Amino acid sequence: MTHNDGARVVTLTANPSLDRTLDLPGPLVAGGIVRLTGGGTEPGGKGVNVARAIAAAGGDVVSVLPAAASDPIVTALRALGLELATVPVQTPVRTNYTLVDPEGTTTKLNEPGAALSDATRAALSGVLHGHAAAARWVALSGSLPPGTPLDWYAELVASLRDTGARVAVDTSEAPLLALMSAGREAAPHLLKPNSEELAQLAGVSEHDVLRDPAVTLAAVQALHGRGVREVLLTLGGDGALLSTVDGGLWSAQPPRITVRSTVGAGDCSLAGYLLADLAGAPPADRLRTAVAYGAASASLPGSAVPTPAQVDVAAVRVTAGAPGTSSAPVPAAGRDVR
C-alpha cells in the first residue's frame, strides 16, 4: 500500500439530509401550539458537514453522496462552492428537523432516508474509490439508509486500503458495532466516537465513560487492539481525548462559549482534526484544532459551519494524559493549522 501525499479529503454521506432548524420561544411542551421565533435550512448529513467545514477553511475536499442533480441539497451545496461527486437517485433527500430552545437544548427529529439499490451502492463505492486514489483522507460519516447492509462501512474500509488513503469513520449504533466486529482489515485509521458510541462499543454505560477515566481508557485501548490507530473521543462540553496506537494520550478542554446549537459540532471537530493533520500538525495540535472547531460550531445557529476566523485554537487547553490528571498544559507547536 502506498501513502498519498496529496492534501485532498473525500467524504461519503450515504444518508444526506436537508437540516431544518426551528427556533422555539421556550422549552418544548408536547400537545401545545408553538409559535416559532425563527428557523433556517442548511444542506447536511455528517459527511456533508465535514466537507463544508473543510471547504470553508480553503481545504481541498470533494463530497460524495447519492442525490439527483436537481435535488435542493445539490443546488445548495453547489451555491456554497463545494465540489460534489453525486450518484443520481430518484427519491428526494430526506429532511431532518432540529428544535432549539433559548437555553440551547436541541431536540432532533430525523427522517430515515431513502433505501439505496445494490447498483447505487456499487456506484457510490466506485466514485469513492476513484477520488480516494488522490486523497490523503477518506471520511465515512453518518447513518446508513434503510436496507443498507450493516457491514457496508467495514466493506468500504477494507476495500479502500489499496488506494493509500487513510480512512476516518464517524458512525453509531449497528453500523459502528458491525465495523468494529469485522476484524483488523476493516479497522479505520481514525475512529471518532462520542461518549455514547464508545459506551456502545465497550458494553458499559455512558455515565461510566464520562465519569470513570479507567473505563474510558480501557474502552479506547480495546479499539487500538482491534486495529484502530487513532481514536478521537469527543465529549461535548467536556472537550475531547485523543489516543494513538503508539501510546500517545492527550486531553483538551474547550473555551467557554454560549451554545446555540450542537448539531454538526462533532462533524466540525473531525474537520478540524483532518485540517490540522493535512497541515502537518503534531497530535496535540490536531486535538486542539478539533476541539476549537467543535466549540466554534456549537456557538453558531443550526448546522452552520465555522470559518477559520471564528475558530479560536489558542483558547483550547491541551494536557498530556487522561482528563482530570494534573499534567502540565501542552503548548501549541506554533503552526497555523487552519
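Predicted model: local features only at pLDDT ≥ 70, side-chain atom pairs only at ≥ 80, totals over all residues.
User: Why are strand S5 (83–87) and strand S14 (317–320) said to stand at the edges?

Analyst: The open sheet of 10 strands has the order S5-S4-S1-S8-S9-S10-S11-S12-S13-S14, with mixed pairing. S5 and S14 each have a single partner strand, so one side of each is left without a neighbour in the sheet.

User: Which strands does helix H3 (residues 118–132) lie across?

Analyst: Helix H3 lies across S1, S4, S5 and strand S8 (137–141), and runs at about 150° to S5.

User: How do you know that strand S2 (residues 17–23) pairs with strand S6 (residues 94–100)?

Analyst: The criterion is again at least two bridges. Seven bridges join S2 to S6, and the two strands run parallel; therefore they pair under the criterion of at least two bridges. In S6, Val100 is the bridge partner of Asp23.

User: What makes strand S3 (38–44) and strand S7 (106–110) edge strands?

Analyst: Their open sheet of four strands has the order S3-S2-S6-S7, with mixed pairing. Each of S3 and S7 has a single partner strand, so one side of each lacks a neighbour in the sheet. The twist from one strand to the next averages 20°.

Methods:
Residues numbered from 1 in each chain as written. Heavy atoms only, no water. Contact = heavy atoms within 4.5 Å. Axes fitted to C-alpha atoms, helices over the stretch in contact; angles between N-to-C directions.
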